[in-house]
Amino acid sequence: MQGNKKTGILILFLSLVIAALAGKEFLKMREEEPIVVGEGVTAIQKLSDYLPSLKGTVGDSDIYVFQGEEEGGKTLVLGGTHPNEPSSLMSAVLMIENAKVKKGTLYVIARTNASGFTHNDPQEGSPQRFHIQTPFGERWFRFGSRATNPLNQWPDPDVYVHAASGQNLSGNETRNINRAYPGRKDGTYTEKVAYAITELIKQNKIDMTIDLHEASPEYPVINAIVAHEKAMPLASQVVINLEFEDIPISLEPSPVSLRGLTHRELGDYTDTYAILMETANASQGRLRGRTNEELVLTGKDPRYVEAAELGRLYVPYDENGHPLEERVGRHLSAIVQLMQVMGENEPDKEIIVEGIPVFSELMENGIGDYLKEVK
């Protein structure tokens with residue numbers, strides 16, 4: 001009996017130690033990665049500027065504004081819609097730290113759903129962060145979840161009813177901001193963030209909105225631009241231009257029947273050209289092996305090589321994988337082309353931007369060469 005009591009106390013003690021260590025790791029997820037404010041940033045707004053009830057909440061993300069000396073067009077880039085899609089975050093970070101606007105205005109949000117960066121998807125074995133080497137040393141960035149943290153929005157309904165359309169979706173989609181647009185000012189946390197972004201677009205009369213994403217290699221819409229019908233002529237020209245740069249990319253129309261997404265609702269409810277882009281991210285796929293930092297950075301996974309040989313993927317895949325440099329480069333080259341073509345077609349919407357590294361530069365030099373020193 002005495003031995004059983006001692007064993008019980010020991011087990012209880014070890015359980016408390018494990019819980020304390022695990023809790024400490026979970027709390028680290030609330031720490032935001034440092035982002036260096038580049039020389040081209042002329043102002044930093046907050047989402048609470050467009051919906052005051054977000055003030056003081058995790059959803060009050062920064063909006064980095066690049067105001068050119070000349071009037072021109074206006075573009076909004078949304079990074080971090082899904083925080084388990086790292087090229088989205090990194091593309092926004094590289095713009096914030098490097099872009100300089102000569103004409104027009106550029107708005108960049110790196111952490112569109114900031115709550116999603118504060119946790120991981122359960123049972124996925126995902127890393128909490130990943131690291132990139134720079135000339136100044138190592139920098140780290142958060143790897144989060146596709147959805148809002150349940151601590152910020154709970155419980156999920158059995159069926160999520162999209163407010164603007166009445167469409168029924170799976171209950172957990174209530175925490176997916178890319179099913180929440182155009183949002184509601186008195187809705188859930190996720191709907192409030194979506195509403196603030198919609199108001200940002202409306203109040204500033206933003207001409208084009210680009211939402212950055214990644215998809216698993218077995219997902220049909222990948223290495224693609226998805227465009228609202230109003231943006232299809234613009235996106236079509238960009239696809240041709242990217243092909244000339246040896247960046248193959250497909251063009252998909254925004255489905256009219258799939259609601260809540262940026263490329264549908266922002267195109268319907270505002271005057272912006274609504275565009276979404278996808279790159280190939282093995283770390284979020286269902287066929288992957290171990291989900292670790294190396295997979296996030298290199299995109300290399302032997303299971304996907306096997307799947308490609310069996311013809312089960314929608315993107316070319318070999319032992320070289322799809323590294324983060326490639327994925328970020330695709331996004332940034334497309335963004336540069338989208339702004340350029342919009343200005344060519346409509347001179348009053350011209351935006352002249354310098355300093356954004358494009359595909360060829362990132363493939364040659366790596367991401368680290370374009371990250372600034374954290375001081």
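Mentor: Two strands pair if DSSP finds at least two bridges between them, where a strand is a DSSP run of E with at least two residues and a helix a run of H or I with at least four, each numbered from the N terminus. This is a predicted model, in which local features need pLDDT of at least 70 and side-chain atom pairs count only at pLDDT 80 or more, while totals for chains, interfaces and linings use all residues. Residues are numbered from 1 along each chain as its sequence is written, and side-chain values use heavy atoms, without hydrogens and water.

Trainee: What makes β5 and β6 a pair?

Mentor: The rule asks for at least two bridges, and six join β5 (residues 129–134) to β6 (residues 137–142), so the antiparallel strands pair. I132 stands opposite R139 in β6, and two residues lie between the strands of this hairpin.

Trainee: Why is α8 called mostly covered?

Mentor: A residue is buried under 20% relative accessible area, exposed over 50% and partly exposed in between, with a 1.4 Å probe and protein chains only. Of the 22 residues in α8, 17 are buried, so the helix is mostly covered.
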